[in-house]
Amino acid sequence: MTSCPVCGSLPRPLFPLAGFPGGDNFFLQCQACGHGMLAKHHAPAHSYLSGGTEYSRRGVEWFLSHVGGKFDCALDFGCNDGYLLRQIRAARLIGVDTATVSAGIEGHATLDTVDAAPDLVISRHTLEHLPD
């Protein structure tokens with residue numbers, strides 16, 4: 001088993017991610033510092049690409065297969081190019097990102113300017129970029 005990249009301790013499996021793009025996977029959590037990670041790491045070339053890539057589209061499809069329904073307001077914190085958010089069925093779509101948010105999405109650079117109480121909050125592939 002891989003050691004935690006933050007503190008070097010051994011992580012424990014929390015739950016399986018069956019059907020995860022690239023093969024079944026497990027979400028792990030470090031027993032010492034709480035850092036979360038995947039058991040199988042994907043190639044860096046696939047990690048931070050736009051929603052326009054085939055790899056990213058498969059990940060969005062997998063994610064959406066676990067989120068159903070129609071929402072009044074969906075907020076994606078760290079929405080990147082808005083690809084995932086545009087797939088959500090919601091009357092109001094709010095994207096928070098330091099990058100430019102695409103057309104059709106209400107864009108904000110920080111949460112401080114959002115005046116909504118969303119009934120769906122997404123933060124997919126964001127927490128690993130934050131120091132705290």
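Tutor: In this predicted model, contact means heavy atoms within 4.5 Å.

Student: With which residues is Leu120 in contact, leaving aside its neighbours within four places in sequence?

Tutor: Leu120 is among the residues that touch the most other members of the largest nonpolar core, a set of 14 residues. Once its neighbours within four places in sequence are left aside, the contacts of Leu120 are Val67, Phe71, Cys73, Ala74, Leu75 and Ile88.

Student: Which strands each supply at least two residues of this core?

Tutor: Besides Leu120, the members with the most such neighbours are Ala74, Ile88, Ala90 and Leu93. The strands that each supply at least two residues are β4 (71-77), β5 (90-96) and β7 (120-122).

Student: Is Asn25 buried or exposed?

Tutor: Asn25 lies in strand β2, which covers residues 25-30, and its side chain reaches the backbone nitrogen of Ala39 at 3.3 Å. Because its relative accessible area is 4%, and the cut-off for this class is under 20%, Asn25 is buried.

Student: What is the angle between the planes of Phe15 and Phe27?

Tutor: The whole structure holds one aromatic pair, and it links Phe15 in strand β1 (residues 11-17) with Phe27 in strand β2, 12 residues apart. Phe15, at 40% relative accessibility, is partly exposed, and Phe27, at 26%, is partly exposed as well. The pair is stacked, with 5.3 Å centre to centre and an angle between the planes of 15°.

Notes. Residues numbered from 1 in each chain as written. Predicted model: local features only at pLDDT ≥ 70, side-chain atom pairs only at ≥ 80, totals over all residues. Heavy atoms only, no water. Core = buried A, V, L, I, M, F, W, Y, C linked by side-chain atoms within 4.5 Å. Buried < 20%, exposed > 50% of the residue type's maximum accessible area, 1.4 Å probe, protein only. Helix = DSSP H or I, 4+ residues; strand = E, 2+ residues; numbered from the N terminus. Polar contact = N/O pair within 3.5 Å; in protein donor to acceptor, adjacent residues only side chain to side chain. Phe/Tyr/Trp six-rings, centres within 6.5 Å; stacked < 30°, edge-to-face > 60°.
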